[in-house]
Structures are given as C-alpha cells and as structure tokens.
Amino acid sequence: MRSYRRICVFFICLCILLAWLPAVQAEEAVGRDITADCTVTAEGYSKVGFLTDGDIDSYRTSSEQAQITLENADGIGGLYLMFDLEYGVYTIRNNDIGTTAKAGEYNFLHEYIDLKALFGVCPKSVTLEFHNGSVRLSEIYALSDGTPPDFVQTWGQPLDGKADIVLFSTHGDDDQLFFAGLMPLYAKARNVALQVVYMTDHRNITKVRTHEMLNGLWAVGVTAYPVFGDFKDFRIDDLEGTYQEYERQGRSREELQGFVVEQVRRFRPQVAIGHDLNGEYGHGMHMVYADLLVKSLELTADPTAFPESAQKYGLWDIPKLYLHLYKGNPIVLDYDTPMDELGGMTPFEVTQKYGFPCHKSQQWTDFTQWLNGYNNEIKKASQIYSNNPTKFGLYRSTVGEDRLKNDFMENIVTYAEQERLEQERLEQERLEQGRLEQERLEADLEAKRLEQEQLEQALKTKKQYTLLISGGVLVFLLAVAFVFVIRAAKRRQAK
C-alpha cells in the first residue's frame, strides 16, 4: 500500500515538474537587463556614467568621433540605445571575432539592436563606432539573450505606402487626449496599420517631449515609428495668426502644405484623421493642421502640385477623411467596451492609464483633469463633456457614406487583407494554371494514346491486308499449279 502511495506521489510530482518546466523556459526566453554587469568604456566622452544612470534627460554630446565598448563575460544578446538627437548610420564591431555590422539606418531615437541576429552569437565584447560627427546619447542598455523585455521599444519602419490609418496629431500629447482610445483600439486590438504624423517635435521648447511621444505611442500599441514634423511649437488662438507667425519664422504656407501633401502621398492612407477645424479648445496650430489636411484633398492627386513628392511617392487620393468634432456625417466611436486583446481593459483605459502618463512633462496641465476628472471620477470616454474624443465627422469619402457610424474602417479593406486576398487570388490562379496544365498533359497523353491506337490499328490492318494478298497470291499460284497439273495429266492421257 505504501509503495502504491509513493508511486502516486512520485507521478504527481513528475506531472507538476513537467508542467512547470515550459513556464520556466518561457520566462528564461525573455532577455534581462544586464547593463549593471557590463564594463562600459568610451572614447569621445570624458565620463560614461550618464549612459547607464537610467535618466533619459542626462544626455551628453561626444567629440567628432566616438566609440563605446561594452563587455560581459557571459555574452550580450542585444543593445537598446536612446539617442537625444537622431544620428544616422553607425558601426557595431564584434570584438570577439572582429566582424562589423551597420545600424541606425532608420534614424530611430530609441533603437533596439539584436546582436545575436547580427553576428549569430552573443558577443562578449562589442564596440559602437560613430564616425559621422558627434553623437548625443542619453542611455544604453545591455540585454541578455532572448526576447526584449517590455521596456524595450522594437520599432518597425514607418508604413510607407501601406498605412490603413494616418493620424495627423499636432502635438505630442494630442494623440493621447483628443484621440484618446483611438490608437489602442485600432493599432493594438484590431491590428490595423496605423501611422502617426506629428506637426511639431517640440524641440524649440524641450527635447524631452520627443521621448515622451515615443513612450506614449509604444504604451498604447503603436509599433510603426512616427514622423516628427520640425515646425515650431507655439500657441496663438487664431488660424490666420498662426499662419502669419510661421511666415515670420520663415516657414511659408506652401512649405506647411507641402509637408502634409508629402505625408499623404508617402503613406497612402485609406483613412486620414485630423483635428477639429476650430482647434478643439481654440489652439491655432490645431486649426492649421486640420486646414492643411482638408486642403490636401485637392492636391495629393494632382501631379502639378508639389511635383517633387509626386515624383518620389506617386499620387494618392484619400478614400476617407475624418475630423474631430466635425458636425457633418457624424460618427461616435466605442472606446468603452473591454476587449480581450487589451487584457480586459477598454481602449480609453489603456490611453488613460498607460498612454497619457508617459507625457510626464504635461501632467501639470489642465488636460490631466480633463482626461481623468478632478477626483479621478472619469472612467469612460463617454463621460468627457467638452471635446469628447469619441466624436468625429466624415468630412469626405470616395467609398460611400457610413451606415454603422461607429467605425473609421467602414467600407475599407485593410492593406493586410488586400494582400491576403491578392495572395489568395494568386494561389487560385496558380492552382487553376496547374489544373489547366494537368488537363493539357492529360489531353496530350490521350492524343498520344489515340495516335498509338491508330498506328497499331493501321499496322494490324496492313498486316491483315498483307496476309490477304499473300493468301490470294498463294491461292492463285495453287490454282495455276492445279491447272498446269491437270493440263499435264490430260496431255499424258492423250499420248
């Protein structure tokens, strides 16, 4: 009896162990931050402590050429760099074997580098070489082998030519306020290809906001790297006054318009989304960005308008344009339904709890109360009274009017679905071609079979004919011989 119990206990423990092992393996598959375990040295910087202090604001500018070396006896699986200013291409050298690889081609401010993918192994020593002038870095993280941890942003390239939605957000927090809930719903929950194009990068005031913009986008599920317009940030509560201020800064209306036209042509959005024509709370930059977007409708498909971007990206006519709070053809988005894809949260909650808080420099503003309530009483997007983020209007459509009036993507087939349907069509075409080819081969075989039968029949007929002739000749000869014999016999009798 005791032996039986021991066997049962052993079997149960074994089952638990087997069930636990995959979880352990999955946990081990996530890379760890091993920066503290690395030796970091640099040329071109007097000190290197700022690179690993966890403070993104503590950046330094190197000399004209800089090198940074990281060493770890157990190997380094990946690096996560946070630049204070876009740099461009630089070189990574695997000091273990002396090979090099390029990085920085996409000019990301936050860039993840998979060293194992680059070199096939996790090098114990790597050197970053910056030979194209001074570099402004804020942070470097070294990671062990495995999937990057959650704090690492692994950005994808901007969605050139294949953006289902392009959100034209003026400022770095407008996308988390007046469009609160939009990005989690479409980019994360529905997996729609969503691109954000900011009008300003805020760098005329502070550089920290570009980092906040990236952090905010990543927190709500956007993975396509955004576009940062370089138009200065300021506030004049008037459309014409804002245009005139940009002109005083040397940025003409034509340049502003060209920027928007180029982004439309570049990304070819099926749905473009912009600000309230009245600037939500009256902000002139919001008015200008919405005005430029509306005016672009008559320009993006015109080859004579801004011909450089037309030649570079081609022409495009936006199928649908929505504007925030536009009264015509109104729709109301549902950002308040919990979704499994969002871990049971609502799209609004994701923005409220994760997206907007990334904009740390803006938490002191009135918009914090606008989004959350004075006593944190706002739990739903529908509770927001002024400038409600769920309300939009269909300004223009080439694919018909909305009937459901609750979805930007109504009457739209996503690029991914178009590609799937095209692949399905090509596969069907391939199968049909295969079927026709098979039928042709079978027809050829049948023709050859019939030809062979005809040949065999002809040979058979010829043989029969030959036999017939031969038989006839034989009979004739026999008859002649018979006659000859009879005549010979008669002649003998006559004698």
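Q: How many helices and strands does the secondary structure of the protein chain come to?
A: This is a predicted model, in which local features need pLDDT of at least 70 and side-chain atom pairs count only at pLDDT 80 or more, while totals for chains, interfaces and linings use all residues. Residues are numbered from 1 along each chain as its sequence is written, and side-chain values use heavy atoms, with hydrogens and water left out. Helices (H or I, at least four residues) and strands (E, at least two) are DSSP runs numbered from the N terminus, and on that basis the protein chain has 12 helices and 16 strands.

Q: What is the radius of gyration of the protein chain?
A: The radius is taken over C-alpha atoms, and the globule rule is 2.2 Å times the number of residues to the power 0.38. For 495 residues the rule gives 23 Å, and the chain is well over this, so it is more spread out than a compact globule, with a radius of gyration of 38 Å.

Q: What does the C-alpha trace of the protein chain span along its principal axes?
A: The trace belongs to a chain of 495 residues, of which 45% count as buried, where buried means under 20% relative accessible area, exposed over 50% and partly exposed in between (1.4 Å probe, protein chains only). Along the principal axes, the C-alpha trace spans about 155 × 75 × 65 Å.

Q: Which strands stand at the edges of the open sheet of seven strands?
A: The sheet has mixed pairing and the order 12-11-10-13-14-16-15, and two strands pair if DSSP finds at least two bridges between them. Each edge strand has a single partner strand, so one side of each is left without a neighbour in the sheet; the two are strand 12 (227-228) and strand 15 (330-332).

Q: Is helix 4 largely enclosed by the rest of the structure or left open, and how many of its eight residues are buried?
A: The buried residues of helix 4 are Leu182, Met183, Pro184, Leu185, Tyr186, Ala187 and Ala189. Helix 4 (residues 182-189) is therefore largely enclosed by the rest of the structure, the number of its eight residues that are buried being seven.

Q: Which residue follows helix 4 with a positive phi?
A: The phi in question is near 55 degrees. The residue that follows helix 4 with this value is Asn191.
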